[in-house]
Amino acid sequence: MQIRSHLEILPPYTPIEPFEVLSARLGRPPEQIIKLDANENPYGPLEAVRQALAMLSFIHIYPDPESRALRQAIAEFIQVPPEYILAGAGADELIDLLMRVFLEPGDAMMICPPTFGMYDFDGRLNNARVIEVPRRDDFSLDIATLRQVVEQEHPKLLFLATPNNPDGSLPSPAILDEILELPTLVVLDEAYIEFADPKRELGRGISRVGEVPQRRNLVVLRTFSKLAALAGLRVGYGVFPAWLMPTLWKAKQPYNVNVAATSAALAALEHASELKEMVKRIIAERERLASALTHYGFLTLYPSQANYLLMRVRGIEAAELKRRLMLDYGILVRYFSTARLRDCVRISVGRPEDTDALLNALNQIAQEV
Ligand SMILES: Cc1ncc(COP(=O)(O)O)c(C=O)c1O
């Protein structure tokens, strides 16, 4: 028996440790762990979402394969007609769906690392040739090389996280316009766009989502994981050009968005003004945390438009800082072992009390650095 050869050499995915397992390992109850390692929304779902989930009916019936009610609500939220919208089990599902729809074995796709790990992971899973055009030292895009690679290699897809994970940078509108002129399908992953919007117009504002119907080569992905604190339910959506929709409908799993996720996302959208308040609080906390972190000589911060901050660490190994925060203080932050980020940690923005605990821990660690 022979499995597909490209899967034999695929490195295993490193999953996060489930909260309960971690709690047991650290010997701390879950409520004494401050989880700032996965860019989740620290406030949890809105009360209306909790109520909708508590009152769920029809769990015994398969969900609507076309997610009609949810797509209609998303359409009103982002002001794009529902015909352009496909809901998914998180943005993650739609990343994989796009690759399955476009990539023959060996076809090229392009990413700009450091960036969200799922593009590379799913690309390899789909037996694609993943071409990397690394970002510059300040995480800005190397547009000249991007253009050159597109001309030479003809990648079918370009995945760009806007804002980028892990640093939180956002390309300027002019750079994005240039990228959208490239002859490839550009997938803008706006998982964190709500935290970057200066006018706080959650669905629109600086998002490019409104342009999708006018362009043939633009896809925008969004998620309820961060904005609405629904990461555990797995629900997101994509906005796609009209010509692509029939194929996506054919290729997606019929019941991809479950009943609970649908109901939760609908309830969240019905209370968009509360989401807006939550985003405002997270942005205010990001600014407070960023300004506090500049006072530590051993940390150099990158400006972020998302709900996390990336920083370089000096005087102590970044991996050791992560370990200390976890073992001594129960604070989880993200460490990356890749060459480019080996001396960095990424810290998600938590609630004010989470920031206080983090700063308290850093004050103590700073005395030893
Ligand atoms: C850039 C980016 N896109 C997508 C996702 C995943 O979104 P979802 O939870 O909707 O699958 C993440 C999660 O961390 C992310 O950082």
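This is a predicted model: local features need pLDDT of at least 70, side-chain atom pairs count only at pLDDT 80 or more; totals for chains, interfaces and linings use all residues.
Local features need pLDDT of at least 70, side-chain atom pairs count only at pLDDT 80 or more, and totals for chains, interfaces and linings use all residues. Residues are numbered from 1 along each chain as its sequence is written, and side-chain values use heavy atoms, with hydrogens and water left out.

Five strands form an open sheet of mixed pairing, in the order β1-β11-β12-β10-β9. Strands (E, at least two residues) and helices (H or I, at least four) are DSSP runs numbered from the N terminus; two strands pair if DSSP finds at least two bridges between them. At the edges lie β1 (34-36) and β9 (299-301), each of which pairs on one side only. From one strand to the next, the twist averages 35°.

Within this sheet, β10 (residues 308-313) pairs with β12 (residues 344-348) in the antiparallel sense, over five bridges. The bridge partner of Met-311 in β12 is Val-345.

Helix α13 (residues 318-329) packs on the sheet and touches β9, β10, β11 (331-335) and β12, where contact means heavy atoms within 4.5 Å. The direction of α13 makes about 160° with that of β11; angles run from 0 to 180 degrees between N-to-C directions, and axes are lines fitted to C-alpha atoms, for helices over the stretch in contact.

Helices α12 (residues 272-293) and α14 (residues 352-366) pack at an angle of about 10°, their axes 10 Å apart. That makes α12 roughly parallel to α14, a term for angles under 35 degrees. Among the residues that meet are Leu-289 in α12 and Leu-359 in α14.

Definitions and conventions
Angles under 35 degrees count as roughly parallel, over 145 as roughly antiparallel, 65 to 115 as roughly perpendicular and the rest as oblique.
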